[in-house]
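Please look over the sequence and the model, and follow the chain as the text moves from one part to the next.

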Amino acid sequence: MSSVVLITGAATGIGNLTARALAAAGHTVYASMRSVRGRNAGHAEELLGLGRREGHDIRVVELDVQSDASAEAAVATILEDAGRLDTVVHNAGHLYVGYVEAFTPEDVHRLLDVNVVGIQRVNRAVLPHMRARRSGTLLYVGSTTSVVVPPFLGPYVASKFAADALAQVTAYEVGRFGIGTTIVMPGPFTQGTEHFPNAGHAGDAARTSAYAALDPMVARNEKATEALFPPGVDAHPRAVADEIARILALPAGSRPFRTVVDFSQAGVEEVNEVLRRAQEQFVTRLGFGELLHVEGTQS
């Protein structure tokens with residue numbers, strides 16, 4: 001069943017690939033990004049051109065997840081244009097690479113504002129509409145780093161932990177209004193995104209230099225990651241886009257709460273299953289077992 005989908009951070013990487021995959025699957029896709037008429041104008045036109053050539057319904061909307069007003073305006077535009085919004089794919093995010101001590105408090109605050117508070121801004125913009133309709137899907141592009149914690153990505157990992165927790169607790173509450181949640185957990189990718197090339201770095205150069213003995217490890221981090229992939233496997237983020245398309249093709253109520261797309265074979269699925277059982281038992285013992293299910297579905 002086709003739906004109206006908003007994707008954040010769709011200029012490049014997983015968001016861009018997801019916009020293409022969902023449009024090809026017949027959804028009406030609003031690919032959002034900052035600076036549609038500025039630095040991302042080329043990305044916007046590329047998606048619009050693809051839609052025209054292939055007959056896919058791809059539209060572009062300005063959305064800066066660091067702005068309440070921008071999130072509200074983007075959702076208002078979609079609702080006026082399409083009349084509804086069925087799914088939000090929370091993909092926008094930024095990567096920091098470096099030594100934790102060398103990141104200033106301002107650095108960490110800036111990253112959390114994009115990767116965590118940005119999700120809250122978009123949810124606050126869209127949830128009144130979804131609650132009124134008593135339907136909708138919140139799909140989060142999370143990370144396996146919130147289970148298997150890698151070195152040299154401290155603030156980023158912290159932001160993914162925080163975003164995952166926010167998504168889980170939000171899911172309890174919005175499920176009472178027929179709104180489903182899925183958290184897609186990609187593993188590491190060393191191609192197909194601008195995540196690493198565009199990564200931010202610690203603002204305190206003096207503290208960074210104090211960790212110079214670890215620099216060789218940081219330098220070989222990408223090669224070390226690639227060595228985890230099975231021989232002959234194409235570890236490309238298009239697999240995440242394909243998984244998102246697969247999930248949204250499933251009937252409401254049958255979509256997984258979590259799914260993992262990981263070529264590094266980190267064992268995240270096994271950890272997720274243990275956590276799921278513990279969490280369900282805990283919430284049920286609290287007397288809130290109904291919060292584990294989406295109202296109006298058989299999930």
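Which residues form a nonpolar patch on the surface? In this predicted model, the patch is made up of Phe-282, Leu-286 and Phe-288, which together have about 310 Å² of accessible area. Phe-282 belongs to helix H10, residues 268-286. Its relative accessible area is 48%, so Phe-282 counts as partly exposed.

H10 has 19 residues and spans 27 Å from its first C-alpha to its last, close to the 27 Å expected at 1.5 Å a residue. Val-268, Asn-272 and Val-283 are buried in H10. Viewed down the axis of H10, the buried residues fall within an arc of 35°, so they line one face of the helix. An α-helix has 3.6 residues a turn, so residues three or four places apart point the same way. The buried residues of H10 pack against helix H5 (154-174), strand E7 (179-186) and strand E9 (258-261). Glu-270, Gln-281 and Arg-285 are exposed on the other side of H10. Just after the helix, Gly-287 takes a positive phi of about 95°.

Side chains of opposite charge can pair when their charged atoms come close. A search of the whole structure finds 18 salt bridges. Glu-273, Arg-276, Arg-277 and Glu-280 are linked in a network of such bridges.

Other salt bridges join separate elements. Arg-258 and Asp-164 meet through their side chains, with 2.7 Å from N to O. Arg-258 is in strand E9 and Asp-164 is in helix H5, so this pair ties together parts that are 94 residues apart in sequence.

Arg-176 lies in the loop between H5 and E7, and Glu-295 in the segment after H10, so the pair ties together parts that are 119 residues apart in sequence. Arg-176 counts as partly exposed at 23% relative accessibility, and Glu-295 counts as partly exposed at 39%.

The C-alpha atoms of Pro-251 and Thr-297 are separated by 9.7 Å, with the two residues 46 apart along the chain. Pro-251 has a relative accessible area of 55% and is therefore exposed.

Towards the other end of the sequence, Glu-46 forms a salt bridge with Arg-20, the closest N and O atoms being 3.3 Å apart. The pair links distant parts of the chain, with Glu-46 in helix H2 (residues 41-54) and Arg-20 in helix H1 (residues 13-24), 26 residues apart. Glu-46 counts as partly exposed at 43% relative accessibility, and Arg-20 counts as partly exposed at 25%.

How many of the residues of H1 are buried? H1 is mostly covered, with 9 of its 12 residues buried. Among them are Gly-13, Ile-14, Gly-15, Asn-16 and Thr-18. The buried residues of H1 pack against strands E1 (4-7), E2 (28-33), E3 (58-62) and E7, and against H2 and H9. From its first C-alpha to its last, H1 reaches 17 Å, close to the 16 Å expected at 1.5 Å a residue. Just after H1, Gly-26 takes a positive phi of about 100°.

Positive phi values also occur in residues other than glycine. Arg-134 has a phi near 55° and lies in the loop between helix H4 (105-133) and strand E6 (136-141). At 47% relative accessibility, Arg-134 counts as partly exposed. Phe-152 has a positive phi of about 70° and lies in the loop between E6 and H5. Phe-152 is buried, because its relative accessible area of 14% is under 20%.

Conventions. Residues are numbered from 1 along each chain as its sequence is written. This is a predicted model: local features need pLDDT of at least 70, side-chain atom pairs count only at pLDDT 80 or more; totals for chains, interfaces and linings use all residues. Side-chain values use heavy atoms; hydrogens and water are left out. Patches are made of residues with over 30% relative accessible area and no salt bridge: like charges are joined within 9 Å, nonpolar side chains (Val, Leu, Ile, Met, Phe, Trp, Tyr) within 5 Å. Accessible areas come from the Shrake-Rupley method with a 1.4 Å probe; for residues, only the protein chains shown count as cover. A salt bridge is a side-chain nitrogen of Lys or Arg within 4 Å of a carboxyl oxygen of Asp or Glu. Helices (H or I, at least four residues) and strands (E, at least two) are DSSP runs, numbered from the N terminus. Buried means under 20% relative accessible area, exposed over 50%, partly exposed in between (1.4 Å probe, protein chains only). The expected span of a helix is 1.5 Å times one less than its number of residues. The arc is that of the directions from the helix axis to the C-beta atoms. Contact means heavy atoms within 4.5 Å.
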